[in-house]
Amino acid sequence: MNSDYINIALADDDEDDRLFFTEAFDELKLKSKVLLFKDGIELMEYLNDGDNTLPSLLFLDLNMPKKSGLECLKDIKATERLREMVIAIYSTSASEEDIENTFVKGANVYIKKPNDFEKLKKVLSEVVTTNWQYQTSGLNKDNFLLRL
Amino acid sequence: MPTPSSRYLRTAFIVGLFVILCIGGFTYKHISELSQTSKVVKDNYSLRSELELIISNLKDAEIGHRGFLLTHDSLFLNPYEESLQKVTSNLHKLDTLIVSNGEQVEKLKELKEDIKKRFNNFDKSFSLAKDDTILTQDLLFLLHEGEIRMDRIRADITAMLDLEQRLLTHNQEINEKKIGLTPLLFYGLLIVTLVILLLAYFKMSKDLKALKENNIELEIFEKLTKQSEIVSNTSTWVWYIEDNEFEFSDNLYRLVGEEPQSFEPTLENFYKYVHEEDINHLGQQVNMMMREEELPFTTYRVVHKDGTIRHLKAYSKMMDDTEGDKKMFGVTIDVTNELENYRIIEQRNQELERTNKELSAFNYVASHDLQEPLRKIQTFMSRLEAKEKDHISESGQLYIQRMKSASARMRMLIEDLLQYSRTNTSEKEYLRTNMNMLLEHAKTELLDSIEEKQATIICDDLPTMDVISFQIQQLFINIISNSLKYSREGVPPIIEITHQEVLSKDVEEIKDSLYKFHHKITFKDNGIGFEQTYADKIFLLFNRLHGKSEYSGTGIGLAICKKIVENHKGVILAESMPNAGASFIIYLPFLK
Amino acid sequence: MKLLLKFDFTKVCNTILKQKLEAHQFNYQQTAFGEIELMAKVSEEQLKRFHDDINDFGIEIIEDPKKIVIQKIKDVIVDMVFNERDVNVKTSVYLAEQLEENYNYLSNLFSEVTYTSIENFIILQKIEYTKILLTNEELSLTEIAFKLDYSSVAHLSKQFKNTTGITPSAFQRIIAKRKQIN
């Protein structure tokens, strides 16, 4: 049965980026539900509420007011219930060291926000399909590292 | 601890004293023995004379006796009586003279007996003679007996004299033996003493000479110390723990702004100059010093009479001298200038660090934050191009293309700038890394363009070094991509990477380096090259030798290389000729 | 009063299934016990409703036949990569042989369901296996390239980088650091 939607969440304080993100998923025609959060606090409130369905794929912007993506990543990895979520860092830019650091801290994907809408679509679809491979093919999720 | 010399002197003195005492003892013994001997000789002579006197007295008595017998004149009895008394006194004297000799005493007894018998004989004959005037048979017999008695007495005396003579000779022999050795012994001992004294004298004079030299050295040293104390703003002091007395060097007085030795060197007097805020702390430290017998480095301020404040630093350590007296040797230094200099340097450093940080932060924030809007502009443009293409005129589409390439260039600039600022700010963690591995990574990164240009990279075995691996990898990427970019049209690029270890002093550019050895890594290509005059310029930020349309680039790549090499305390150089390829030479220091 | 009952499980199941299939107006043919072939195309929505309905009786649709095929393809590939099967023929031929199906059909089916090609999936599996060898066996990349039949280390290295976006050594470093933290 391939009827289930993938639950995807994005936490990004930038309105335009949220727009690009939703539009990209719309155009990709993936069976997905996209949840949007304006900052880290809002995201964590949602995740920590036991009644809410957890997204299987979470996109995190690093630069957010109130609570940064890195802080969210740390909190998520420290919470048993949230640990299994696949985390994709979705950021403007970072040094090689910073990227390695986020991987070490438990991120699975690092996406440098592309400057072209088509590229964005390609990148997002790649993340989703790779994620799907990991979910369905019994691959070791500890080895899920993807940089785009 | 006693010096060898003083120990030697002490030994010599003790030996000399002992020898003199010995000589004294011997002398005394010999003299007393000598006097003993002379007494014995004297006694011997008086004994002889007494014995002889006895005989003569007996003879006198006999003469008196005979005269009486012949004459019956009582006149002859007087000398007889007299000699009788004399003999008795002689015998008394003999008693005292021979007490010490047993054999002689026995003989004296016999003599006394014989003399007694003789006198008995006299008495008998007298009583016979008184009755008769004529010589009777009895009398004749008595006279005859008296004659025999007399002979015996003589024999006794002769025996005694003989014995005495023997004793005398024996004594004399012993004495001669003893006295004969004495001068030799004295002489020998004197010689020994003399030798010891001479040795002691030489030793002492030698020591004295050395002492004198030492004294001169000490004097020079003291003067030098005083000079150096003045020049270097230091001072010394000694605390005699046993007596609780201090001794301050001249300069310590100067350090508190006073004339040398102008006040009694006591703690109380010194405390008068200590800054009131520091006096408690210093007091505690000094108390601790008295307990622990060591003063760790202590800094405090002193106030001169004219109000000048100086910073002093003191340190002291306990030392035992040879006599076992405990002393603390202390050093006090004026560190005001050093502190002031340090403070200035610190301040400058902080300022510099702050400006550096601000600059880097500005650089980073500017380039990082500039990316956000730029990225949106580009994304919106791509949306416009895709969704609204049909509504835009041809010239409008051209404008969009121009905008796209302009923003792409801006993006490249921003990214390079960001990377440049990151080479400053990133954590400088030097780890032992195999450079071959970093080069492999660099090649992997550049795999696409290497394949596209059909480039060949030939590489020596590179060393393992302490480096910031991210940066060195970036350095390799930048240099190789530079070579790939400026390759000659239609000629596949060949990049040769060579390595060798060099002595710093052999290379002009690094001969003043603090490191003895450098790794020399050369990247040689067969590209278009450049005029040697531009060799320094190419490493400057935003410097480009070619027009933008010819070769894309921002002029930051090689500036980043320079920065990275400098971060590793190295030097980067470029050598080239137009159309003859370029060489990039990197010198990185290392320790063997 | 107590009654003792005896069930014919096969008949019970088949009867219920038959009733339900008819209730949902499916045109079907029973091929074996527990295997039904639908003769006409049904929508996902219809299938879901049917699924929910029979679920109450403890009956479950095990798999969509397409998914079975996909799963078989995956199994063959995973077995081929992870068990280091010595395959002398082309992978496409090997897959067609193993599944007794036309490769084009398999390829299209795979892309349709999984959004990726079989080729991509093979690469992914190879890279996954490389990851395991890198971290668990601590083999060098050269040894792995040889083991997985790559023409060169550079080729494997490049494929690794293209697939994951990071170099093999960076991957190794990250996993090592993660282990250190935990």
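1. Chain C has 182 residues, and buried residues make up 19% of them. This is a predicted model. The secondary structure of chain C comes to nine helices and two strands. Taking the contacts in chain C between residues at least 6 apart in sequence, 43% join residues at least 24 apart.

2. Within chain C, the packing of α6(C) on α8(C) can be described in some detail. The axes of these helices are 10 Å apart, and the angle at which they pack is about 105 degrees. That angle makes α6(C) roughly perpendicular to α8(C), because values from 65 to 115 degrees count as such. From α6(C), the residues that take part are C:Ile123, C:Leu124, C:Ile127 and C:Thr130. They meet C:Leu156, C:Gln159, C:Phe160, C:Thr163 and C:Thr164 in α8(C). By class, five residues of this contact are nonpolar and four are polar, with no charged residues.

3. Chain C also touches chain A. This contact takes 21 residues from chain C and 15 residues from chain A. On the side of chain C, the elements that give two or more residues are α2 (44-55), α6 (118-137) and α9 (168-181). The largest share, seven residues, comes from α9(C). The residues on this side of chain C divide into nine nonpolar, nine charged and three polar.

4. Chain A has five helices and six strands. Read along the sequence, its elements follow the pattern β-α-β-α-β-α-β-α-β-α-β. Of the 148 residues of chain A, 41% count as buried. For contacts in chain A with a separation of 6 or more, residues 24 or more positions apart account for 67%.

5. On confidence, chain A averages a pLDDT of 87, and 97% of the residues score at least 70. Among its elements, strand β3 (residues 57-60) of chain A has the highest mean pLDDT (93), and helix α4 (residues 96-104) of chain A has the lowest (85).

6. In chain B, strand β3 (residues 294-303) and strand β4 (residues 309-320) run antiparallel and are joined by eight bridges. Within this pair, B:Lys313 in β4(B) stands opposite B:Thr299. The hairpin of β3(B) and β4(B) has five residues between the strands, and B:Gly307 in this hairpin takes a positive phi near 100 degrees.

7. Helix α13 (residues 557-567) of chain B has nine of its eleven residues buried, so this helix is largely enclosed by the rest of the structure. The buried residues of α13(B) are B:Gly557, B:Leu558, B:Ala559, B:Ile560, B:Cys561, B:Lys562, B:Lys563, B:Ile564 and B:Val565. After α13(B) comes B:Lys569, which has a positive phi near 60 degrees.

Notes: Residues are numbered from 1 along each chain as its sequence is written. Chains are lettered from A and ligands numbered from 1 in the order in which they are written. This is a predicted model: local features need pLDDT of at least 70, side-chain atom pairs count only at pLDDT 80 or more; totals for chains, interfaces and linings use all residues. Two residues are in contact if their C-beta atoms, placed from the backbone, lie within 7 Å. Helices (H or I, at least four residues) and strands (E, at least two) are DSSP runs, numbered from the N terminus. Ala, Val, Leu, Ile, Met, Phe, Trp, Tyr, Cys and Pro count as nonpolar, Asp, Glu, Lys and Arg as charged, and the others, Gly among them, as polar. A residue is buried if 20 or more other C-beta atoms lie within 10 Å of its own, exposed if 12 or fewer, and partly exposed in between; C-beta atoms are placed from the backbone. pLDDT is the predictor's confidence in each residue, from 0 to 100. Two strands pair if DSSP finds at least two bridges between them. Axes are lines fitted to C-alpha atoms, for helices over the stretch in contact, and angles run from 0 to 180 degrees between N-to-C directions. Angles under 35 degrees count as roughly parallel, over 145 as roughly antiparallel, 65 to 115 as roughly perpendicular and the rest as oblique.
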